[in-house]
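Colleague: I have a model open and want to learn to read it. Can you take me through the features one by one?

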Amino acid sequence: MNILIVEDHPLISDAYENALKQVSSNHTGLEFNIDKVTNCDDAYFKIKNTSKPQTIDMVFLDIKLPPSQDGKIISGEDLGVKIRLLLPNTKIVIVTTYNDNYRMNSIFKSVDPDGFLIKNDLSPNELILAIESVIQGDPYYSKSVIKLMRKQSSNNLMVDAIDRKLLYELSRGTKMNELPEIIPLSKAAIERRKRLLKEIFNVNNKSDRALLEVAEQKGFI
């Protein structure tokens, strides 16, 4: 099996590799070709240039990654969407520190991962179990993810790709009159998006800074 690890922390990346080696030793005839990248640009290059004989069987995908140089891929979530589009048979295992309800719901709806793990839940044994489950075709979710699913909010509001792009551009200091040139919406529509985001994140302050602080805490930027 061909494995791509997309993770910018070497210790975490090494933990995946060690777990894969243990799974391989537990199952005769199962071998892994492991490739590692640390940012969105390198990951997208690997995904885009994968040919069928060497397809990627499984991707370990962090959410908070250095964005692409052109600003079009701003997180691991965006990469997950592209993997689903370009490599629909590839298993995606999301591993992240974020455990905010809105962030996790957004990832479930946009990427629909085969595995979803919160880093604080991880142990070597759980990582091995997750790999084995996903290989066998069974989804695997760590305990924090299961807790979220049991207490799913009845609020159906979703932060989509345009919302995330808006937050990203605001965090970079892009001015409101420049945004319609970057985001395919009118200035009025962008303002409505901002108001809805403040409602979603329960931000009463009118300033963009307050919105960005909460969005960053929740892992959207």
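Colleague: Which residue of strand 3 is the bridge partner of Ile-5?

Modeller: The partner is Phe-60. Strands here are DSSP runs of E, at least two residues long; helices are runs of H or I, at least four residues long; both are numbered from the N terminus. Two strands pair if DSSP finds at least two bridges between them. Strand 1 and strand 3 pair in the parallel sense, over 4 bridges. Another bridge there joins Leu-4 to Val-59.

Colleague: What should I know about the source?

Modeller: This is a predicted model: local features need pLDDT of at least 70, side-chain atom pairs count only at pLDDT 80 or more, and totals for chains, interfaces and linings use all residues. Residues are numbered from 1 along each chain as its sequence is written, and side-chain values use heavy atoms, with hydrogens and water left out.

Colleague: In what order do the strands of the sheet run?

Modeller: The order is 2-1-3-4-5-6, in an open sheet of 6 strands with parallel pairing. Strand 2 and strand 6 (140-141) each have a single partner strand, so one side of each is left without a neighbour in the sheet. Strand 3 also runs parallel to strand 4, joined by 4 bridges. There, Val-59 has Ile-92 of strand 4 as its bridge partner.

Colleague: Are the faces of strand 3 covered or open?

Modeller: Check burial first. Buried means under 20% relative accessible area, exposed over 50%, partly exposed in between (1.4 Å probe, protein chains only). Both faces of strand 3 are covered. Met-58 and Phe-60 are buried on one side, Val-59 and Leu-61 on the other.

Colleague: How do I read an aromatic pair?

Modeller: By the distance of the centres and the angle of the planes. Rings of Phe, Tyr and Trp (its six-membered ring) pair if their centres lie within 6.5 Å; planes under 30 degrees apart are stacked, over 60 edge-to-face, the rest tilted. The structure holds 4 such pairs. Tyr-16 and Phe-60 are stacked, 5.0 Å centre to centre with 15 degrees between the planes. Tyr-16 lies in helix 1 (residues 10-26) and Phe-60 in strand 3, so the pair ties together parts that are 44 residues apart in sequence. Phe-108 and Phe-116 form a tilted pair, at 5.1 Å and 40 degrees. Both Phe-108 and Phe-116 are buried. Ring pairs link Phe-108, Phe-116 and Tyr-141 into a cluster.

Colleague: Which residues of helix 2 are buried?

Modeller: In helix 2 (residues 40-48), they are Cys-40, Ala-43 and Ile-47. Seen down the helix axis, they fall within an arc of 65 degrees (taken from the directions from the axis to the C-beta atoms), so they line one face of the helix.
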